[in-house]
Amino acid sequence: MSTTGTSTIGGMGHRVKRKEDPRFLRGKGNYVDDIKLPGMLYMDIVRSPYAHANITKIDASKALAIPGVLAVVTGKDLDAAGLAWMPTLMSDKQMVLPVDRVVYQAQEVAAVIATERYIAADAIAQVEVEYDPLPPVIDPFKAMEADAPLVRPDREQKTNHIWHWEAGDAAKTDEAFKQADVVVKQDLYIPRIHVASIETCGCVASFDRVAGKLTVYMTTQAPHAIRTVFSLVTGIPEHKIRIISPDIGGGFGGKVPVYPGYVVACVASLQTGHPVKWIEDRSENLQADSFARDYHISAELAANNDGTMKALRVKTLADHGAFDAAANPSKFPAGLFSVITGSYGLEAAHVAVDGVYTNKPSGGVAYRCSFRVTEAVHTIERMVDTLAQQLKMDPADVRMKNFIPPEAFPYKSATGWEYDSGNYPAALRKAMEKIDYAGLRKEQAEKRAKGELMGIGISTFTEIVGAGPSHTFDILGIKMFDSCEIRVHPTGSVIARIGVQSQGQGHETTFAQIVAEELGLPVENITVEHGDTDTAPYGLGTYASRSTPTAGAATAVAARKIRDKARKIAAHLLEANPDDLEWQDYKFQVKGTPGRSVGMKEIAFAAYTNFPSDVEAGLEAVDYYDPPNMTFPFGAYICVVDIDRGTGQVKIRRFVAVDDCGNIINPMIVDGQIHGGLTMGMAPALLEAITYDENGNMQQGTFMEYLLPTAMETPAWETDKTVTPSPHHPFGAKGVGESATVGAPPAIANAVVDALSHLGVTHVDIPFTPWKIYAILEEHGVAE
Amino acid sequence: MHFTGTQQIKAPVAKVWAFVLDPNKVAECAPGFKTMEILGPDHFKPTLAVGIGAVKATFTLDVQLEDVREPDHAAMRGRGAAAGSAVDMVAAMDLKALAEDVTQMDWTADVNVSGTLASVGARLMEGTAQRLTAKFFDCFRQKIEAPDDATAPSTASVPSSPASESTGAQ
Amino acid sequence: MIPDNFTYLAPTTLAGVWEALNAHPDDSKTLAGGQSLIPLMKFRLAAPAYLVDLRHVPGLDTLEERDGALVIGAMVRESALERSSLIQRRYPGIHDASSVVADPLVRNWATVGGNLAHGDPANDHPAMMLALGARVVAESPRGRRELDIGDFLVDTMETALQPDETLTEIHVPQPAPHSGSAYVKFERKVGDYAIAAVGVRLTLDGATVREAGIGLTNVGPKALRAQQAEAFLVGQQLTDETLREAGRLAAVDAQPSADLRGPVEYKRALVRTLTMRALRAAAERANAVTQ
Amino acid sequence: MTQHVKLTLNGQPVEADIEPRLLLVHFIREVANLTGTHIGCDTTSCGACTVQINGVPSKSCTLFAVQVDGADIRTVEGLEQDGQLSPIQEGFFEEHGLQCGFCTPGMMMTAEAFLRDHPDPSEAEIRQAISGNLCRCTGYVNIVKSIQHAALRMREGQAAPQEAPVTAEAPR
């Protein structure tokens, strides 16, 4: 791979300004709520105030009497059409609208279709629903008790237990524990959180009765998968369904699932023949859309007295809410949680997870990390610090001692993953130098002597992204490959269409850079399109940091297919043998004769005007890329916190993030991804958490209670990088979108515990609310 | 939310009992009482505009008297809906003669609020519910002790004058 | 989130405002900045049939010292207070408070009058005004009356304003020589209500406290005066010990309840810390800190 | 019952008969068809709906359109002048101050008004000024840089005579 691209090309490694920005900067983005179609109707949703109740009566007569109200759709209406339930991506099923029973607060109960948004809102207040409340199941541990009320009586198994899943070698792990000098044990809770993208979810469903075609503009991160699911659910032939994911105002995983509102809007459009728009308000978004995390973890780490880590044993209870509607690969109900051995060489590990139903909305989707890697990283990084504290060793030393050495890659982990590449000591050393780790430890000692509370926390995480190899990964049976189709036009400009989709990641720019690099055509002449299932090749969508590892690879491979053909045309133009040509400086040249060369622009023209007789006209290629393995980005983060003894407030003073995501397409965009990822790593550590009262009321139903960080709470992140290319990826990239969200929380947690460690504190669960910290200070007599 | 309270009412038990069993009189004590539909001797549907200051939600309640044991115990169960919210309550009271003309009323109330009010208004919920419940029972005392011919407006049944200005920082 | 329908009225005189309010006393609301009311209306937790906007009523944006008092018109925006050099110089506690109300954009519309009249114990000005001993001017067809801020604040979301009365001005006594004020708020993030906040006014006589006013935000059904702490401070020198004792007493004066902003004990502890910090800041501003 | 409202939107008069309850943001998006101004919450928390009203940055989903009858309103669509990006737009472009773009219009309307009063702000001042606007993508680092970039451009622009500055009056 060439990294010598000139700025006129704008290939790999260049800080190319984003091609999507001109429209956003002018207010000309095209988000779902910006779409207006002739005759469009509006939908609003009646929701349940109860977390668990039987519906005894729905009376829509007052709502229907309001001028402009066309219909009120209930579960019974959908049931008649066989649409009251839909499949989830996890082989469970989920209510679209309930026929007789609600299972979480704010669940969709009925939908009003009206000529105007304001009329629909008036009408939902007039739909009278009578409920008979049932005892809600809120605590997942109680849900597992034999006499717990059933969340899902519709299932054959009359229990709230969904599934049990294990990875690793239990016997070998037990054996390693027996032989260890020391075992540290810790319970951790990773709270429920919500992605809360600034744009909520919504759609415009438009059924053309003449063509028999359903077009849905939709806030989705996976338009093709949605098309297939819609076709399977509704029976509409797949070629008569078009899903368009226009500009998306942030996804972070919350826009992967199929929410009932989308389906009801489609049904309403099918029934009325009008386009129907549905846009969530913020409270609906926060209360009813799928959630992330909610893992109750019990971990044990075995080691020798010199700090050598030997084995890890983890048990977890996963609260999945009322429907198992996460978006994990089929064989991985607990996602990639088994990457929990992290950056460390362990002899053995065993992980067990049990999924459980509760009267809450579906859990287990992403919060900028789809596949439970954040939970895994938080656990192992906390356990390493717990061990260091127990052995009175510096946590940096324990890490250095246990890192998988750079020469051991590719490395097979104790739970079976094959790590592609890594250089963990280099990243940690770089972070320690950048932040002056030794100086900070000295300062900390001085501050402690004065009674001040300062902590330093390290996280040296390993991510696992780029799902994934088709032999292992599928969603509902659809293999997790991804795709790109490239057409080079006669004048040398290009359109590339990809199977993934952007919610702010800048694909229109970075994928153009990949094409530019591979073809030697300037980035400004390359258009990248995505998100329209009628034009884009089939793909699984953007989540789990998979765009660059999968579709990015497909783009490079498709471009190389074009280059292969271009070589033949170049040979024809240069009157040389194709084997005598070499690709140098973005041109084909006759080996050893730099003067005899031809660039892609001329080749493209020739592909339509002057091509050899044994070559087809045109210059196009498609690639469906099936990655041979996952990629394993990693990083070393160091966080410094100060704790206010008068208020319990934790303040992040500095945060250095050294990331390694392999080769970088656009450093400007990678920096931006890391800044954002760090902020979404900090938020659950300090501010965001979702809780329920004993009746199942979600207590953070607005941005006044669900606390997104502002610029004031967010520190000035300091970033740096090392580069360890992926050996199996076509251009050595690994993916970066979620690394920082995965890696940041334990750095903050370790810093907070470090600040309190001299008091004997060994663990504190996130989020670090001031009252939680203050109670600890009081307990240890150091509160001001 | 669980609340309890005690009232000493300057009236004989029989008079208190008669008041408490009269749905029209009790309803007037309900916060923000607007209208009532009487479906039976122990089944009522009052409509209440419950609120404090600028916040107001109109509930239609379905109230059922239960466990009526003349002359000293009665309970009621109510359920209602408003503005994406639901309220469920169970209240009970016991009467005891302290003297010929003095009755003690011990009351308990369990109030559960669900939905928008609970999710959005949680910050002010408990204090408000407690205040409104206490006012409800205090109103009994005031009404019972009032001269029989009194037709004075039921000032106690309405929260004292709400904040008239209703704007400002969030 | 769409509000219910209403009739919008924007009278150009106070008399017009009262007429509008009197026409539908149970179903009217006065609109000032709307930053609390409009979100409530969007949730349909407030649904006044008549909304009476004060924006065209002249004379409600006064901000000046007059007859021994600072006069703040009810419609003075928080951002105007925040930027006023008069406020920064002479009434730093009010400047502190106006700088931490919600967020900078909300402050462009939010008004001081609304902040007080909404009666929300979590609002920032009531406690500062209690500390400063402010008086509130209410006008109605029956005339004009002045109330002590302590009498004005009745209970949660409840003030002494009658349905047809309008809060028109707030009068804050001009600071005596050697006085200082401060407002210290502790919030979960910008834009949030205080977990607790403390407003303080001190007048010093050399190193001795001659007068003290302390108001507490969001630790009771309404903004509270920390009367025990105030009484204790008068005649004391400000030392670490006396500050600590004043903080302790303010915590006793607080009546917090547990909620998503923390448990009762924490809020009391926070009142103690913030009282000490606000007293220090006010004393520094009074230019006479004694250790 | 409707009410007639007439205001100026990016220099153009716009008038309509509207329900008093029509939120300003819906007036801008649905009546005037300018969809650059977004909606992100209902509690005046996120600032995605920020527009300038008589020069003052304001959350347009916490205002009824009737409240700003007669006002001069500027939205993101009014930033560009004669086909030239304004300094704040240029700053966001150059410094990668946006990702999904959803908060960006509100963020720029806040920042631009702020820079008029604070030509050479510190980082802390910038962070405070945008603390009523939530961004979920950028972590604010590059937004701060974007505003600094714009500040520099605007200061450079001050040397040459410019269009009359819009004075920030308290909205009435």
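This is a predicted model: local features need pLDDT of at least 70, side-chain atom pairs count only at pLDDT 80 or more; totals for chains, interfaces and linings use all residues.
**Stop 1: the disulfide in chain B**

Select B:Cys29 and B:Cys139. They form a disulfide, with sulfur atoms 2.0 Å apart. The structure holds 1 disulfide over all chains. Look along the S-S bond: the torsion is -75°, and the link is left-handed. Now color the helices around the pair. B:Cys29 sits in helix H2 (residues 23-29) of chain B, and B:Cys139 in helix H4 (residues 122-145) of chain B. The bond links distant parts of the chain, 110 residues apart. Is B:Cys29 buried or exposed? B:Cys29 is buried, at 2% relative accessibility. B:Cys139 is buried as well, with a relative accessible area of 1%.

**Stop 2: cysteines in chains D and A**

A disulfide needs the two sulfur atoms within 2.5 Å. D:Cys61 is buried, with a relative accessible area of 4%. Then jump to A:Cys484. This residue is buried, at 0% relative accessibility.

**Stop 3: two helices in chain A**

Show helix H10 (residues 373-391) and helix H11 (residues 395-402) of chain A. Their axes come within 9 Å and cross at roughly 115°. H10(A) is therefore roughly perpendicular to H11(A). The crossing is right-handed. Show side chains next. From H10(A), the contact uses A:Glu381, A:Val384, A:Asp385, A:Leu387 and A:Ala388. From H11(A), it uses A:Pro395, A:Val398 and A:Arg399. These contact residues divide into 5 nonpolar, 3 charged and no polar.

Stay here and select A:Lys392, in the loop between H10 and H11 of chain A. A:Lys392 is not a glycine, yet its phi is positive, about 55°. A:Lys392 is exposed, with a relative accessible area of 75%.

**Stop 4: further along chain A**

Select A:Ala467 and A:Gly468. A cis peptide bond joins them, with omega about -25°. A:Gly468 is in the loop between strand S20 (453-462) and strand S21 (474-475) of chain A.

Move on to A:Leu476, in the loop between S21 and strand S22 (478-479) of chain A. A:Leu476 has a positive phi of about 50°, although it is not a glycine. A:Leu476 is partly exposed, with a relative accessible area of 35%.

**Stop 5: back to chain B**

Select B:Glu70 and B:Pro71. The peptide bond between them is cis, with omega near 10°. Which loop holds B:Pro71? B:Pro71 lies between strand S4 (55-69) and strand S5 (73-82) of chain B.

Definitions and conventions
Residues are numbered from 1 along each chain as its sequence is written. Chains are lettered from A and ligands numbered from 1 in the order in which they are written. Side-chain values use heavy atoms; hydrogens and water are left out. Helices (H or I, at least four residues) and strands (E, at least two) are DSSP runs, numbered from the N terminus. Buried means under 20% relative accessible area, exposed over 50%, partly exposed in between (1.4 Å probe, protein chains only). Axes are lines fitted to C-alpha atoms, for helices over the stretch in contact, and angles run from 0 to 180 degrees between N-to-C directions. Angles under 35 degrees count as roughly parallel, over 145 as roughly antiparallel, 65 to 115 as roughly perpendicular and the rest as oblique. A crossing is left-handed if the near helix is turned anticlockwise from the far one by less than a right angle, and right-handed if clockwise. Contact means heavy atoms within 4.5 Å. Ala, Val, Leu, Ile, Met, Phe, Trp, Tyr, Cys and Pro count as nonpolar, Asp, Glu, Lys and Arg as charged, and the others, Gly among them, as polar.
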